[in-house]
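Good morning, and thank you for coming. Today I shall walk through one structure, and I ask you to keep it in view as I speak.

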Amino acid sequence: MSIEWAGLGPEVLLRLDRDGPEPLRAQLEGGLREAIRAGRLRAGERLPSSRELARQLGVSRGLVQDCYGQLYAEGYLTARVGSATRVAATAPARPAPAPAERPAAARLDVDFASGVPDLAGFPRADWAWAVREACRTVANADLHYGDPRGDRTLRRVLAGYLRRVRAAVAEPADIVVCTGFAQGLGLVLRALSRSGVRAVGFEDPGYGQGETLAAVTRLGIEAVPVPVDEGGVDVAALARTGVAAVVLTPAHQSPTGVVLAPDRRHALAAWAADRDAVVVEDDYDAEFRYDREPVGTLQGIAAGRVVLLGTVSKSLAPAMRLGWVVCPPHLTEAIVEEKRLSDRGSPGLDQLALARLIESGRYDRHLRRMRGVYAGRREALAGALARHAPGLRLTGLAAGFHAVLHLPEGVREADVVAAARERSVGLYGMSDFRMSGGTTPGQLVIGFGNLGEPAIERGVAAVADLLTGKPGGHAD
């Protein structure tokens, strides 16, 4: 796309050597010609007027006009009466080497990917209002480099929100604003690594073989699998590993969907106290619960031992790149230092906008609306499976926007995933979430956050026979 300028002419970086042997006109012609050939100036881009370019370079306007005239004749430039001088569409250019590109993935008709919220549900009008308010009210001093922990207003608002909604123990001084879960976890693990931690427990199934564990390995930390059952993480198995830290998703375990049982919450707190260990709580899917009362954070019962990570990636959109770390006081300084060394702080105006969104009540209103949307999609998924693939067990539906589908004995997870893709339906096996990559028992993690109800119905109908292992046997 060419750049359009309103009123002011564009600038072009050109250098003239007044002490060199080559005439200035030849230097100017050569500089423009080379910029066009090299692709610095692309077809359709506007050049400065002869008067403006002469002023920028400190030469006569006649010299620039002569130069432009020569480049017109050579086909590099074009102009119409009353229009600006532009690079000609047919200007010769030096062919650039074609970058190596990955083959584009085939677009799926229905994609049951988990962890993706309703991207169309992002509250654009409310966010635009919040950004305007942030720009209108921000103090000049707050546009400078600030506290690496984050904007003090957002930290104050987050502390109040987390105390009110998540029963967390939160003080603004112990909150570090980050760019999302990945950075937040990285800050915490680097701080723990500097204190001597060399092995960290991770729920299994959990992050599988993905980017999170790859990042952990790059830090020189061993990721130790800890089994998960219907009560959440197995605390006895955790104790046997000998690790000094563990990363958990207690509110809605990812991906099984179970909630950490009350007795295990207290057992975890006791384990952390006895071993002088740290629990890193990923507050995953805490905002979206349906069939039971919301559960408070684990951090709320063991604030001195638990680091709480939260983001707006699911509640608003991943593109927001905003999250937070609620630190135990003894780790705050170390985590703040890691943040300072990482990037000096997250974008200030976005932080102020999020604070305005929460303070105004618009954030709570958005969450209430999205709970209704996701509840409807959850019912659509359960209903479509009951009609097209009756008898299959679906679990993990109490919160969030994914569920676990248990495949019948004899139906291979990998076969179902591959065959569904041939029908333009994206399905994802539990093996993706297991550290071992194991495929038994056969289960699918079914995401429905970013799918409308008609798409859910269409997708289930398209693969129902694969799910049941009875070709042609599903109902219409």
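**Charged pairs, a sheet and the cysteines**

I begin with Arg136, which counts as exposed because its relative accessible area is 60%. Please bear in mind throughout that this is a predicted model.

Which residue does the side chain of Arg136 meet in a salt bridge? The partner is Glu133, with 2.8 Å from N to O. Both residues belong to helix 4, and because they are 3 residues apart, about one helical turn separates them.

A second pair involves helix 1, which covers residues 24–38. Here Arg33 and Glu29 form a salt bridge at 3.6 Å, N to O. They are 4 residues apart, so once again about one helical turn lies between them. Arg33 and Glu29 are both buried.

The third pair spans a longer stretch of sequence. Arg362 and Asp126 form a salt bridge, with their closest N and O atoms 3.4 Å apart. Arg362 lies in helix 12 (residues 362–388) and Asp126 in helix 4 (residues 124–137), so this pair ties together parts that are 236 residues apart in sequence. Arg362 is partly exposed, at 23%, while Asp126 is buried, at 15%. In the whole structure, the search finds 26 salt bridges.

In what order do its strands run? This open sheet of 8 strands has the order 4-11-10-9-8-5-6-7, and its pairing is mixed. At the edges are strand 4 (175–178) and strand 7 (232–233), each of which pairs on one side only. Helix 5, residues 152–166, packs on the sheet and touches strand 4 and strand 11. The direction of helix 5 makes about 110 degrees with that of strand 4.

Within the sheet, strand 10 (residues 306–311) and strand 11 (residues 323–326) are antiparallel and paired over 4 bridges.

Finally, I come to the cysteines. How many disulfides does a search of the whole structure find? The count is 0. For Cys178, the nearest cysteine sulfur belongs to Cys327 and is 9.4 Å away, whereas a disulfide requires sulfur atoms within 2.5 Å. Cys178 is buried, since its relative accessibility is 1%. Cys135, by contrast, is partly exposed, at 44%.

How values were computed. Residues are numbered from 1 along each chain as its sequence is written. This is a predicted model: local features need pLDDT of at least 70, side-chain atom pairs count only at pLDDT 80 or more; totals for chains, interfaces and linings use all residues. Side-chain values use heavy atoms; hydrogens and water are left out. Buried means under 20% relative accessible area, exposed over 50%, partly exposed in between (1.4 Å probe, protein chains only). Two strands pair if DSSP finds at least two bridges between them. Helices (H or I, at least four residues) and strands (E, at least two) are DSSP runs, numbered from the N terminus. Contact means heavy atoms within 4.5 Å. Axes are lines fitted to C-alpha atoms, for helices over the stretch in contact, and angles run from 0 to 180 degrees between N-to-C directions. A salt bridge is a side-chain nitrogen of Lys or Arg within 4 Å of a carboxyl oxygen of Asp or Glu.
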